[in-house]
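Trainee: I'd like to go through this model with you. Can we start with what sort of model it is, then look around inside?
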Amino acid sequence: MIVKNGQVFQEDGSFIRKDVHIDGEFFVDKSGGEVLDAEEAYVIPGLVDIHFHGCMGADLCNGSHQSIDTIAKYQLEHGIMAICPASMTLSEEMLSDIFACCASYQNGAGADFVGINMEGPFIAAEKKGAQNARYIVKADAAMFRRLQEKAKGLIKLCDIAPEDDEACQAIREIKDEVVVSICHTTANYDMAQKAFASGAKQLTHMYNAMNGLTHRDAGPIGAAFDTDYARVELITDGVHISPTMVRVAFRLFGDDRVMLISDSMEATGMPDGEYTLGGQTVIKKGRKATLADGVLAGSVSNLFDCMVNAVQNMDIPLGSAVKCASVNPAKQIGIYDCYGNIASGKYANAILLDKDSLQIKSLIFKGRLVK
C-alpha cells in the first residue's frame with residue numbers, strides 16, 4: 001500500500017508532505033500496491049494508551065479473555081493500536097488470577113495488548129481516589145516479582161506511593177525490572193525527590209491524587225520537574241484537569257516528557273448509568289464518572305478523544321498532542337521499536353485525520369485498512 005500526499009507526522013512533532021509506503025505489516029522505504037489518497041488528511045501513528053482500565057462494559061480486572069477482546073476492539077476502532085491497561089488495588093490473589101489471564105491472552109481482532117500498568121495496591125490510603133482501601137498494602141518488591149511471574153513479564157509499569165524509606169527501598173529493588181511511577185501519594189517534595197533518586201521515572205495522572213505544586217513545597221510535580229528525565233501522565237478529558245493546568249504541564253515538562261492517557265473505565269462508550277471499578281459502584285453521567293461520594297472514578301473518554309480535546313479546547317499544538325499520545329508512551333514502556341511512529345521497520349499503524357475536524361477518516365492497522 002502507498003498512502004499518498006498526506007501531511008505525515010514526524011517524531012519531533014512536525015508534519016511533512018510525503019508518501020508513506022507499506023509492505024505487509026510494516027512501514028518500508030518503498031512499496032507498490034493499493035494507493036490510498038491522503039490529500040486532505042494528517043497521517044499520524046496509531047496511538048498508545050498506557051493507563052486505562054476498560055470500556056464498553058469491560059474491565060481488565062474482570063480477568064477474562066472476552067473482556068480483553070472487547071476492550072481491544074473498541075480501542076482499535078478509535079485509533080488506539082497498542083494498549084497497556086491498568087489493574088486496580090486488589091488482593092494479591094485476585095491480581096495473580098488477573099495477570100495469569102493476561103499472560104495467556106493472544107492478540108485477536110483488536111489493538112495489540114502490549115503490557116500491564118500495575119496501578120495498585122502500593123498506594124497511600126489518604127490519596128486513594130477511587131481505589132479500594134481494603135486492599136492497600138506497603139510497597140513490596142517480593143510481591144511485585146510474584147505478580148510479574150504470573151504476568152510472564154507483561155507488567156511494564158508499577159505504581160508506588162513513596163511515603164517512606166521502605167517504599168524507596170522497594171523502588172531501588174525493582175527499578176531495573178519495570179518502570180516505577182509515583183502515584184496516589186501524600187509525599188512532599190523531599191520524599192518524592194528521594195523516590196526519583198531511588199529509580200522512579202514517572203508521575204501517574206499528574207495533579208490527581210497527589211499534593212499540588214505550591215510555593216513552599218513543590219511536591220511530587222516539582223520533584224519530577226527537577227529530575228530532567230521523569231515523564232508525566234496527563235488526563236486531558238476536560239474533567240480531570242483544567243485547560244490552563246494542562247498548558248502549565250506542557251510548559252514545565254515540554255512535549256518530550258508529557259504522556260497523554262485516558263484513564264478510562266468500563267463506562268466509556270456506554271450510556272449513563274451505574275458501573276463498577278475495582279469492585280466499587282461508579283455512576284456515569286455525561287462526561288463524568290464518580291463514586292457515590294462524588295470522587296472521580298477514572299474517565300469516560302478514550303485516548304483519541306483526549307488527544308483531540310487537548311488540541312481543540314486546550315490550545316496544545318497538534319504535533320505535540322500526537323507525540324504525547326504515541327511516541328512518548330511507546331518509548332516509556334519500551335515498545336518504540338515496533339509502535340508509536342511512522343518509520344520504516346515499525347508496524348504499519350496509522351490514522352488519517354481530517355484536516356479540519358481532526359476526526360478519523362481511515363485507520364490502517366498492521367498494514368491493513370480497517371476503516
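This is a predicted model: local features need pLDDT of at least 70, side-chain atom pairs count only at pLDDT 80 or more; totals for chains, interfaces and linings use all residues.

Trainee: OK, sheet first. What is the strand order in the open sheet of 7 strands?

Mentor: The order is S10-S12-S13-S14-S15-S16-S17, with parallel pairing. Two strands pair if DSSP finds at least two bridges between them. Strands are DSSP runs of E, at least two residues long, and helices are runs of H or I, at least four; both are numbered from the N terminus.

Trainee: Which strands sit at the edges?

Mentor: Strand S10 (86-87) and strand S17 (258-261). Each pairs on one side only.

Trainee: How many bridges join S16 and S17?

Mentor: Strand S16 (residues 231-235) pairs with S17 over 4 bridges, in the parallel sense. Glu233 stands opposite Met259 in S17.

Trainee: And S13 with S14, how many there?

Mentor: Also parallel, with 4 bridges between strand S13 (residues 155-160) and S14. Leu157 faces Val179 of S14 across that pairing.

Trainee: Which way do the S14 residues point?

Mentor: In strand S14 (residues 179-182), Val179 and Ser181 point one way, and Val180 and Ile182 the other. All are buried. Buried means under 20% relative accessible area, exposed is over 50%, and partly exposed is in between (1.4 Å probe, protein chains only). In a regular strand the side chains alternate between the two faces of the sheet.

Trainee: Switching to the core. Which residues touch the most other members of the largest one?

Mentor: Leu234, Leu260 and Met307, out of 118 residues in that nonpolar core. Helix H8 (residues 303-314) gives the most to it, with 7 residues. A nonpolar core is a set of buried Ala, Val, Leu, Ile, Met, Phe, Trp, Tyr and Cys residues joined through side-chain atoms within 4.5 Å.

Trainee: What does Met307 touch?

Mentor: Setting aside residues up to four places away in sequence, Met307 touches Ile44, Leu47, Thr236, Leu260, Ala321, Val322 and Ala325. Contact means heavy atoms within 4.5 Å. There is also a second, separate core of 15 residues, which includes Val8, Leu36, Leu352 and Ile364.

Trainee: Where does Leu36 lie?

Mentor: In strand S4 (residues 35-37). Leu36 counts as buried because its relative accessibility is 15%. Not counting residues up to four places away in sequence, Leu36 touches Ile2, Val3, Lys4, Leu352, Ser362, Ile364 and Leu369.

Trainee: And Val282, buried or exposed?

Mentor: Buried, with a relative accessible area of 0%. Val282 lies in strand S19 (residues 280-285). Leaving aside neighbours within four places in sequence, its contacts include Met265, Tyr275, Leu277, Leu291 and Ala297.

Trainee: How far is Val282 from His205?

Mentor: Their C-alpha atoms are separated by 19 Å. The two residues are 77 residues apart along the chain.

Trainee: What about the second largest pocket, which strand gives the most to its lining?

Mentor: S2, with 4 residues. The volume of the second largest pocket is about 160 Å³. Its lining residues include Lys18, Asp19, His21, Phe27 and Ser344.

Trainee: Last one. How many cavities of 30 Å³ or more turn up?

Mentor: A search of the whole structure finds 1. The largest cavity has a volume of about 60 Å³. Gly46, Tyr339, Gly340, Tyr347 and Asn349 are the closest to its centre, of 13 lining residues.

How values were computed:
Residues are numbered from 1 along each chain as its sequence is written. Side-chain values use heavy atoms; hydrogens and water are left out. On a 1 Å grid over the protein atoms alone, a cavity is a set of points where a 1.4 Å probe fits but cannot get out, and a pocket is an open set with protein on both sides within 12 Å along at least five of seven lines; lining residues have an atom within 4 Å of a point. Grid points are joined across faces, edges and corners, and a volume is the space filled by probe spheres set on the points.
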